[in-house]
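Subject: The structure we talked about

Hello,

Please keep the model open while you read.

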Amino acid sequence: MSKKQPNRLAQLIDHQAFAGSALPQPLANNMRLYIEATNEVKELLVDCLPEEILNTCWVVGLTSEQLILSVGSTTAANHIRYLQNAYLQVLTEQSITFKQLKQIRVVVAKTFADNYSSRQSSALLAALPKPSKANENQALSQNTKRTISQAAEHVTTDENLKKALLRLANH
């Protein structure tokens, strides 16, 4: 007996489950890196940053010399920018990950992460696929293409985004 395809009104998660989809490996690797870095930043700055800033603070970019943080308000961003040198000192002195850090950039983003706890991010991190050494430039799988197409058709209302997703899926 074959698995029955969900109808077009089904939850996105049902469509993804049917497609057997998973995040592409490079995206999963970046997500893992950013979640681990976020948890480390929050641990190191727990005594420096107010709790309301810590709760909305996420690492969204990381190189050896630059850390990009996302926060939930302009006030939080200004606070971090104002005290950047003090935070840089704490991070570079107390962490191997941030040893060569020269700059902290801050962006403001309202996200679902506003009420997302570190415990939940750790659970998400554990659920991510482990990094593999396979060729990262391989084409998208049929399941991934189907998931992208379904998301474009059923989730987004932005026409430009829909067209871009469909181009990606058909590429």
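From strand E2, Gln66, Ile68 and Ser70 point one way while Leu67, Leu69 and Val71 point the other way, and all of them are buried (under 20% relative accessible area, with exposed meaning over 50% and partly exposed in between, for a 1.4 Å probe and protein chains only). Strands (E, at least two residues) and helices (H or I, at least four) are DSSP runs numbered from the N terminus. Because six of the six residues of E2 are buried, this strand is largely enclosed by the rest of the structure.

Please note that this is a predicted model, in which local features need pLDDT of at least 70 and side-chain atom pairs count only at pLDDT 80 or more, whereas totals for chains, interfaces and linings use all residues. Residues are numbered from 1 along each chain as its sequence is written, and side-chain values use heavy atoms, with hydrogens and water left out.

As for its partners, E2 pairs with strand E1 (residues 58–62) in the antiparallel sense over four bridges, where pairing requires that DSSP finds at least two bridges between two strands, and the two form a hairpin with three residues between them. With E3, E2 pairs in the parallel sense over six bridges. Leu69 of E2 stands opposite Val59, and Leu69 also stands opposite Val106 in E3.

Finally, Gln66 is in contact (heavy atoms within 4.5 Å) with Gly61, Leu101, Gln103 and Arg105, leaving aside its neighbours within four places in sequence.

Best wishes
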